[in-house]
Structure formats: C-alpha cells, structure tokens
Amino acid sequence: MLHFRRLPSTTVGQCFTLVRSFTGGITQWAKKAEQLESEEPAAEELPVTFVDDDAESTEAREARIATLRNKSRLLPQHRNMLHGVLPYEQSQSWIHDTVKYKRMMLGRYGIDGSKVDPRVCFPTKKEAYERAEYERVAFPFSLKQMMDANESERKARKAQIEAREAEVARKLEKLDQWTADLNARIAKKEAEARAAKERKDRLVEEVRRHFGFKVDPRDERFQEMLALKEREDRKKVKEAKRKEKEEKMMEKLQKKTAQLEADIEVPSGDKTKQ
C-alpha cells in the first residue's frame, strides 16, 4: 500500500505558478519564431555583402556606407565640425540668423563651405555712421595733433628729468660742505655738553669746598647752595657774553670809521692834485 505525503498549500501554489510561467514563455517563443519565419529580412538589416547592389541606388549606397562608417557616436553637428564642415545645413536657432554668427561661419568655412553671402561682412549705413560718430567722440584729435602732443609731452618729461639730474648734481657738490657743517654742529653740541658737565662738576666741587666737609648732594642745604652757585655762574657767563658782544660792536665801529676816513681823504687828495 502506497503512502502519499501531504504537501503544504504554499509549496503547491509556488509549483503551479512556476509551471504556468514556463508554459507561457514557451508559447511566446513559438509565436515569435513563426512571425520571424513569415517575414522577409529588410535590405537595411542585412550585412553589406548580402544587399543587392543592383536594386540600390548609388546615393543610397554611399549614404548607407557612410552611416556604417560612423562609429564615433558624435552628434551630426559635432561630427561636421570635426571634419571641417558647416555644422548645420539650416538654421536651428535665432542665433544662427544673426550677422555675427554668419560672419563667424564665413571666416571659418569660406564662401562655399558656409553658404553665406559675403556682403554681410561689410557694415551697413547705420553701422558706418555709428562707428564714425563713436570715433569722432572717442578720438577727437587727428593723428598729427596726437603726434605733436606726444612729442611735447616727451620733451617736457625729458626737461623735467634733466632738471632733476642737475639739482642732484648741484646738491652732490655741496655734500662735502654739508657733511662738514653737520660734523661741526655735532662737535659743537658735544663740546657744549662737556662744558655743561664740567661746569656742573665745578659747581658741585665749589659747594663742597664751601661747607668744608662731604655733604650728600640730595641734602637741602647742598641743593640751595648749588642753585646759588648756578645763578652766579649764569650771571658771569651772561656778563662775559655781553662784554664779547660789546667788543665786537666796537671793532665793527672802528672799522667803519677807518673806512669813512679813508673815503674822505681820497677825494681831498684828488682836489689838491688838481
């Protein structure tokens, strides 16, 4: 006695679905095979060796061969540009109808290759007028006037350079004198500083001798006596300068007096001779 194993319902459903899809695939494949057998292959789908050359025109054959040769997968306009041919046979956008685009195509591909009337390269009356008006406003001077202005500017610049060079040369001539004056001023300031220091030391020493013993310079009595000595010293210096000034003035007066006496004696001597 045979024993049958009971399968789950899910497994049975999956089996039926698989059988149904397999049967449907075989049926579709059989129908497609029958359709292919009933149809005759087209001339375009056959290789070149199986196409009947007598039934095909020369132009169509060349076009088909050119199509088969194109393996670049470029767009037609890009392939035309690669081979130096006009990209578009007809305008594809409003840009292709502009004068600028036509001029560019004419310059790139020539008269025959661009299929553009060369008269577009010449300006219209309006463009010529606008260009002339622009040049009149932007360049108001003639070539001769601009050359003269450039020459004048060049001469002025040259004269300025020459004047600057002459000034530098003149200052270089005075460089030694300026250096000597500077050194003299520096030496004078150093001498004045040394004299001031020596005078200060001398006054401090006089104050110490006045007291007869060592005194701290920060002591109030020392500071008062030092201030007194400085005032006396300034008076002496001032008096010496006044005397020196008076002596110089007297010397000048004596020179002027002697000069006047000499000038008076000369005319009187001339009259005596006469």
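This is a predicted model: local features need pLDDT of at least 70, side-chain atom pairs count only at pLDDT 80 or more; totals for chains, interfaces and linings use all residues.
The phi angle of Arg73 is near 60°, a positive value in a residue other than glycine.

Lys115 is placed in the loop between helix 4 (99–114) and helix 5. Its backbone also has a phi near 60°, which is positive although the residue is not glycine. With a relative accessibility of 59%, Lys115 counts as exposed.

## Overall architecture

The chain contains 8 helices and 0 strands. Followed along the sequence, the pattern reads α-α-α-α-α-α-α-α.

Of the 274 residues in the chain, 8% count as buried. The chain exposes about 25400 Å², and carbon and sulfur atoms supply 57% of that area. Among contacts between residues at least 6 apart in sequence, 20% join residues at least 24 apart.

## The largest nonpolar core

The largest nonpolar core has 6 residues in all: Leu203, Val204, Val207, Phe222, Met225 and Leu226. Helix 7 (175–211) and helix 8 (220–273) are the elements that give two or more residues to this core.

With neighbours within four places in sequence left aside, Val204 is in contact with Phe222 and Leu226.

## Gln77 in helix 3

Helix 3 (residues 76–82) includes Gln77. This residue is classed as buried because its relative accessible area is 18%, and the limit for burial is under 20%.

Which residues are in contact with Gln77, leaving aside its neighbours within four places in sequence? They are Pro87 and Tyr88.

## A nonpolar patch on the surface

Phe141, Leu143, Met146 and Met147 form a nonpolar patch on the surface. Together, these four residues have about 460 Å² of accessible area.

Conventions. Residues are numbered from 1 along each chain as its sequence is written. Side-chain values use heavy atoms; hydrogens and water are left out. A nonpolar core is a set of buried Ala, Val, Leu, Ile, Met, Phe, Trp, Tyr and Cys residues joined through side-chain atoms within 4.5 Å. Buried means under 20% relative accessible area, exposed over 50%, partly exposed in between (1.4 Å probe, protein chains only). Helices (H or I, at least four residues) and strands (E, at least two) are DSSP runs, numbered from the N terminus. Contact means heavy atoms within 4.5 Å. Accessible areas come from the Shrake-Rupley method with a 1.4 Å probe; for residues, only the protein chains shown count as cover. Patches are made of residues with over 30% relative accessible area and no salt bridge: like charges are joined within 9 Å, nonpolar side chains (Val, Leu, Ile, Met, Phe, Trp, Tyr) within 5 Å. A salt bridge is a side-chain nitrogen of Lys or Arg within 4 Å of a carboxyl oxygen of Asp or Glu.
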